[in-house]
Amino acid sequence: MQAQQENIKAIVKKCLGKPYYENEYGFIYNMDCLAAMKKLPEKIIDQTFTSPPYNIGKEYETIMKIKDYINWCKEWIAEIYRVTKCNGSFWLNVGYLSIPNKGKAIPISYLLWDISEFYLQQEIVWNYGAGVAAKNFLSPRNEKILWFLKDYQDYTFNLDDIRDKDVKYPNQKKHGKLRCNSIGKNPSDVWQIAKVTSGFHRSSIERVKHPAQTPRDLLDRVVLAGSNLGELVLDPFMGSGSTFESAIAQERMFLGFEINTDYCEVAVERIEKFVYNKKLSEAQLSLSFA
Ligand SMILES: C[S@@+](CC[C@H](N)C(=O)[O-])C[C@H]1O[C@@H](n2cnc3c(N)ncnc32)[C@H](O)[C@@H]1O
């Protein structure tokens, strides 16, 4: 596996040049993801997770006309399709946007689900507790993850690695046999996972300096379910490096693109700290078994 990984690293570097940051697990490129992906060969990526700009005026985006936004998404999703291996997958996290005189909270999934050659396997609802307390409408408490496949007859799905251990009646039997899987239940298509919050006295422990950080718990579930040890995970809108951190934790390789240098810096600092702590705890563990 190591030779294969070195080979992939060499291909990536040959196509994209010197990375902004590199470690044994992967790369960060401070680049526009569309331009970057166009330089990659086809069928090199095992799994992509990304949370793109939602066209809602966050500090890292300029609002586009809805038609332009959809066309732009079409372009980069087509590139993800091209670089994905035949048995690979694409997990797209999206929220809501407004269209004047048309709708206040239009699910972006309605706009993007069928604009590519990917097969839509399932929509996952990500439900969380914190958020705006609305007065004139319902408080928003979910986003979506569209799980796309290149080939619906050949894909990775490691259900046992993401089973939910919180089973209400673990010992319930039918005809003398346990009703539930002893390692947990299927986590379903509704995932209750806390958002990364900010603010005095309410900031999540994992919070870094990025306005739209994806939680590690969500990423760990996605990465564990959709890729295998040593495989290559891509995040074209990498932000603060949450997908990179998850890939390292789950022993995958990673390739990330981020257009904003400040966010690249945030990600590098975060990843360096994470790898340092990972190695420290592995060393402590090996000492305690010596
Ligand atoms: C929703 S955030 C991603 C957050 C990320 N999941 C995290 O946990 O930090 C989207 C990111 O895409 C970046 N971005 C926007 N346009 C880009 C482009 N064309 N190429 C690469 N990155 C881009 C933004 O700077 C922003 O950091």
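Trainee: Where is the place of Lys43?
Mentor: This is a predicted model, in which local features need pLDDT of at least 70 and side-chain atom pairs count only at pLDDT 80 or more, while totals for chains, interfaces and linings use all residues. Residues are numbered from 1 along each chain as its sequence is written. Helices (H or I, at least four residues) and strands (E, at least two) are DSSP runs, numbered from the N terminus. The place of Lys43 is in the loop between α2 (33-39) and β3.

Trainee: How many other C-beta atoms lie within 10 Å of Lys43?
Mentor: Lys43 has a positive phi near 55 degrees, although it is not glycine. A residue is buried if 20 or more other C-beta atoms (placed from the backbone) lie within 10 Å of its own, exposed if 12 or fewer, and partly exposed in between. Lys43 is partly exposed because the count is 14.

Trainee: And Glu251, is that residue buried or exposed?
Mentor: Glu251 sits in the loop between α6 and β13. Its phi is positive too, near 60 degrees, in a residue other than glycine. With 12 other C-beta atoms within 10 Å, Glu251 is exposed.

Trainee: Which residue of β13 is the bridge partner of Ile28?
Mentor: Two strands pair if DSSP finds at least two bridges between them. In β13, Tyr29 has Phe257 as its bridge partner, and the partner of Ile28 is Gly256.

Trainee: Which residues of β2 point the other way from Gly26 and Ile28?
Mentor: In a regular strand the side chains alternate between the two faces of the sheet. In β2, Gly26 and Ile28 point one way, and these and the two that point the other way are buried. Those two are Phe27 and Tyr29.

Trainee: Which residue of β2 does Glu22 stand opposite?
Mentor: β1 and β2 run antiparallel and are joined by three bridges. The hairpin between β1 and β2 passes through two residues. Across this pair, Glu22 stands opposite Phe27.

Trainee: Which strands stand at the edges of the sheet, each with a single partner strand?
Mentor: The sheet is open, with nine strands in the order β1-β2-β13-β12-β3-β4-β8-β7-β11 and mixed pairing. An edge strand has a single partner, so one of its sides is left without a neighbour in the sheet. The edge strands are β1 and β11 (190-192).

Trainee: At about what angle does helix α1 run to β13?
Mentor: Axes are lines fitted to C-alpha atoms, for helices over the stretch in contact, and angles run from 0 to 180 degrees between N-to-C directions. Helix α1 (residues 2-16) lies across β2, β12 (232-235) and β13. Its angle to β13 is about 15 degrees.

Trainee: Which residues of α7 are buried?
Mentor: Helix α7 (residues 261-289) has 29 residues and reaches 42 Å from its first C-alpha to its last, close to the 42 Å expected. That expected span is 1.5 Å times one less than the number of residues. Cover for its buried residues includes β1 (21-23), β2 (26-29) and α6 (242-249). The buried residues of α7 are Tyr263, Cys264, Ala267, Arg270 and Ile271.

Trainee: How many residues of strand β6 are buried?
Mentor: Strand β5 (residues 96-99) pairs with β6 in the antiparallel sense over three bridges. Leu97 has Ile106 as its bridge partner in β6. Strand β6 (residues 103-107) has five residues and lies largely in the open, because the number buried is zero.

Trainee: Which residues does Pro140 touch?
Mentor: Pro140 lies in the loop between β7 and β8 (142-149). Two residues are in contact if their C-beta atoms, placed from the backbone, lie within 7 Å. Not counting residues up to four places away in sequence, Pro140 touches Tyr96, Ala105, Gly131 and Val132.

Trainee: Which residues come nearest to the ligand?
Mentor: A residue counts as near a molecule if its C-beta atom, placed from the backbone, lies within 6 Å of it. There are 20 residues around the ligand. Those that come nearest are Tyr60, Phe237, Gly239, Ser240 and Ser242.
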